[in-house]
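Dear colleague,

Please find below the structure for your review. A summary of the findings follows it.

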Protein chains: 4
Amino acid sequence: MPVTAPLSGIVPPVCTPLDSAGEVDTASLARLVEHLLGGGVHGLFALGSTSEVAYLTDGQRGTALKTVVETVAGRVPVLAGVIDTTTHRVLDHAREAERLGADGLVATAPFYTRTHPREIAGHFRRVRDRVDLPLFAYDLPVSVHSKLSPTLVRELAADGTLAGLKDSSGDEGSLRRLLVELGGREGRATGRAPGFSVLTGSELTVDAALLAGADGVVPGLGNVDPAGYVRLWEAARSGDWLLAAKEQERLTSLFALVDAGPEADMGRSSSALGAFKAALRLLGVIECGDTAFPQIQLDATATAEVGARLRDAGLTTVR
Amino acid sequence: MPVTAPLSGIVPPVCTPLDSAGEVDTASLARLVEHLLGGGVHGLFALGSTSEVAYLTDGQRGTALKTVVETVAGRVPVLAGVIDTTTHRVLDHAREAERLGADGLVATAPFYTRTHPREIAGHFRRVRDRVDLPLFAYDLPVSVHSKLSPTLVRELAADGTLAGLKDSSGDEGSLRRLLVELGGREGRATGRAPGFSVLTGSELTVDAALLAGADGVVPGLGNVDPAGYVRLWEAARSGDWLLAAKEQERLTSLFALVDAGPEADMGRSSSALGAFKAALRLLGVIECGDTAFPQIQLDATATAEVGARLRDAGLTTVR
Amino acid sequence: MPVTAPLSGIVPPVCTPLDSAGEVDTASLARLVEHLLGGGVHGLFALGSTSEVAYLTDGQRGTALKTVVETVAGRVPVLAGVIDTTTHRVLDHAREAERLGADGLVATAPFYTRTHPREIAGHFRRVRDRVDLPLFAYDLPVSVHSKLSPTLVRELAADGTLAGLKDSSGDEGSLRRLLVELGGREGRATGRAPGFSVLTGSELTVDAALLAGADGVVPGLGNVDPAGYVRLWEAARSGDWLLAAKEQERLTSLFALVDAGPEADMGRSSSALGAFKAALRLLGVIECGDTAFPQIQLDATATAEVGARLRDAGLTTVR
Amino acid sequence: MPVTAPLSGIVPPVCTPLDSAGEVDTASLARLVEHLLGGGVHGLFALGSTSEVAYLTDGQRGTALKTVVETVAGRVPVLAGVIDTTTHRVLDHAREAERLGADGLVATAPFYTRTHPREIAGHFRRVRDRVDLPLFAYDLPVSVHSKLSPTLVRELAADGTLAGLKDSSGDEGSLRRLLVELGGREGRATGRAPGFSVLTGSELTVDAALLAGADGVVPGLGNVDPAGYVRLWEAARSGDWLLAAKEQERLTSLFALVDAGPEADMGRSSSALGAFKAALRLLGVIECGDTAFPQIQLDATATAEVGARLRDAGLTTVR
């Protein structure tokens, strides 16, 4: 389904279920897509960081994206991450994503390299120029190690390079300045930046982002509880901000599952991705909770804690 | 006025006006205090980072704090920053602040040194133990170069060491987790962490912080427009979140004055502090807009831009 | 030529000349290889950061490595960088490098992802296990954003996973500790860590690294002046440390060409890579000095400065 | 003893022994000064980071400096650290240091604040202008969180603001560039930067720094083994670089005592400072090994490991 401008609503980054051999489990992935659509989400983002894109070979990336696109079958737009170090490598992924039927692309600034802001601008312009799909900038300093400046984002919004921003910088003050500079809540609705979509990836401040005028959310935790994020979205749309805050509080408590893995033995990233997948397995959505090599797996204690968190949040586990 | 627990409302960090010789201008400072109280603020924070505390000698710190305490004369609580590298140096400031009549203390973790979390806990406990005033932890990684973990804050809240947290980390997701762990909007009101005050120093996300259940705000920009922040506070208290967001948008636009100084010639910190003071001078509150040596001063172009921002925000300049 | 253990001497990371269309200029690359071998170097490192590996598509990487291997024709060992985000993506490059005839592999820790030390250990072990070529760890925190700990390096040296370390961390104190822990100058010569090679990528402290007992050097500037680095190496081997230091001083002065590009207009990385290529062009080795997109190109002024630096260092320009 | 330009040789940063109540133990400090002078050092640096200056009150700083100056009694120059956040606070310390008889001052760039390079230049110029003692810049990014650029250092050397640099940045490549830009080994001896002293604080690469033309060293480990560093210095002066490297290797092995404290329970800084003091106590130089509050103390196991390291390095423990 083509991206309508601005893209809005709940657009989860789709986890990539793996089997015990480490290959993409397409049956589980298809079930996960149905789980998300069943929760009422407004779009899907395949091959993002939560999808473990950086761990997948080119072949695995293709399998995962193909499975998502075919399962969605046009019911919502599908964005595809085109994550690689620099422009020409990104373009190889972008052409493949277009071929596989993605509705939009999500690209970071170059990484591994140290890249000047003028070069970053050239990077996004070249990607947009060579592959004719709406392009979203992915601001993720924890992985990319540079932050997209609001000035650069506005420049690339104004000239039509970018269809939107996925802001996972965690810098909510900077996001607020950007939203106000784009026209604020009212200005944006009445057309000062009509087609540009601002999506937050900060899953613990969604009520705040929506109050500030963000168009939507890309919550990793939305894999586990898509219906919760959709309720939060609907509360905000109806102006019931206390209800939105209450739902956000429930989701924030649930989010604590990311710390289930023992801190001494594994990183916070492996723990979080492992917890999302363990939760999906306990909910009966996917078959195997393994994360991609070389990530360390959650142990039984951590998995039990994930289960307890799910039940505390009112979700029904089947394992 | 003693701090009531939890401290709540708008508690601006008070700028320290200087004369052209670089000494504390007590008459201007007294006028600034009246400007803030006239705007309806609920407390004052002297000798914080916005007060240029790190630039003031011990003598100047004393003069500034004495002026604030005497001018306030018990109308609102006065917190005093006790900013120094480690515990015993902080204690020297704390004893002086107590002598001068401060109602509460605000201390950071040690800086310049590299300090283990267990040592940071010992630091706060020792300060609280030796000087009998409510103690607020000041989380300011941009200056201190470490972040207070939510776990540590909750431990020090639970054992009564801390009366509150001033969170200037900019990490709103972490702040949300802390608020939820402390009981959330409802739990906090009904007593699960009744005396502990969470104040945000992030002046661009105040509506969001209040929606999330923060008790108050310490906005540097509140020097310039205290009444605006008080209106935001009142809108939030009355549950009119769209009005709160609208006021936040106006203040966010006004905040752009911090970038008035030319980026090639001066740092963002000098530009921001200089802009606050230039604004106070243009508003007729203080006599001289100079920041402390060795900071570079705003030039005439930058000052004119500050004036334009003030007028755009509906404030009346007199110079 | 197989890698003899420990690999030692001058092993430059080979620049990848591009034509004006941005494709690998194999004729220029072959001339560059002859320029390096003619200078007396002891090995070559293709597809490293100085080779702009992060900018090359998989196809371009293959072309570059094939050209280097075929031109070298067994005269010295050829190491191949296998630079990608995580293990399975690295393995795809490793298998291709083996197929193309590389004599050894150079891999970083995972990047883009946040990876725990235990996971990093697993990463190197898996790569070594699956492709039977000597494996060198590449410590490059400026790109990878984590540092390999000396403890981890020694563990992976002891169990035979690693044939060596290319240390581009710039942390010479840590490198010295590692060298001493491996047995120091004497212990290493007499067999306490006989097969493990420590190579420094810090081109300005080569005399120091050799005095400390490093086995060799991977100097980016060695593209421009391989004979200079070989003279430095020979002086060190003969124990003439003042001569080594004098040669290092000449090379340090030459190194200033990396700052030829104007700082306001381009990053230091583009400036350095552009300067190496501009120098190779001025020396008549390669045809075109362009760096890969989206890097900004040196302008005429900067190129003239590169030429001046070359002549100051006693090198003969032909353009 | 006045500082002769350029200051050269071994100039240890003097630990500050404390008694069990946390006060300066002047008798132990006097013995430590004699231990250092007995080892043949060429100057002393009081109130540096290794002196725990950031933990000492103003009164304790005065006591420590007075004790060092009086004990030295003109036998070598005494530098005094004037460590505080910004210029006017530094000047208060500088005037006191002058009054107490220091022969030179050592100041960092401002910290806690974010300070523009032009402001940093103004800072050093003001300090030099107001107190008439040779001024050394202290480059310590791990504490100050900014690095002094070689350009700034050369500018302040050229105009006479700075008498020297104490480089504890750990960036040996940058240090080499600075030394070469100042004239290199030969140029400096013959007068191109005759009075400016470059001292390294990197105690594990002293042989390398001296080979590169540094004037001297400020080694924290020099508290424990001053004679070892003096031997290293003499070997370098006589051109016996292999002997210098061998001595450096012994000192590098000894340096491992900094990791005696258990990593899970205390920071690396407390462990290092605690190990220096534990070593001095085991060597019979000082009475009590405590570090300043809130640092965690070494336990018995860690202290035993320090003792083993001392004996391995050929030093004689008396406890």
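In this predicted model, 45 residues from chain A and 45 residues from chain C form the contact between the two chains, where contact means heavy atoms within 4.5 Å. About 3900 Å² is buried between chain A and chain C, with carbon and sulfur atoms giving 56% of that area; buried area is the accessible area (1.4 Å probe) that two parts lose on being put together, summed over both. R89(A), Y112(A) and F293(A) supply 23% of the area that chain A buries against chain C, more than any other three residues.

R89(A) also takes part in a salt bridge with the side chain of D84(C), at 3.4 Å from N to O. The rule finds four salt bridges across the interface of chain A and chain C, each being a side-chain nitrogen of Lys or Arg within 4 Å of a carboxyl oxygen of Asp or Glu. On the side of chain A that touches chain C, the residues divide into 16 nonpolar, 19 polar and 10 charged. Here Ala, Val, Leu, Ile, Met, Phe, Trp, Tyr, Cys and Pro count as nonpolar, Asp, Glu, Lys and Arg as charged, and the others, Gly among them, as polar.

Residues are numbered from 1 along each chain as its sequence is written, and chains are lettered from A and ligands numbered from 1 in the order in which they are written. Local features need pLDDT of at least 70, side-chain atom pairs count only at pLDDT 80 or more, and totals for chains, interfaces and linings use all residues, while side-chain values use heavy atoms, with hydrogens and water left out.

Yours sincerely
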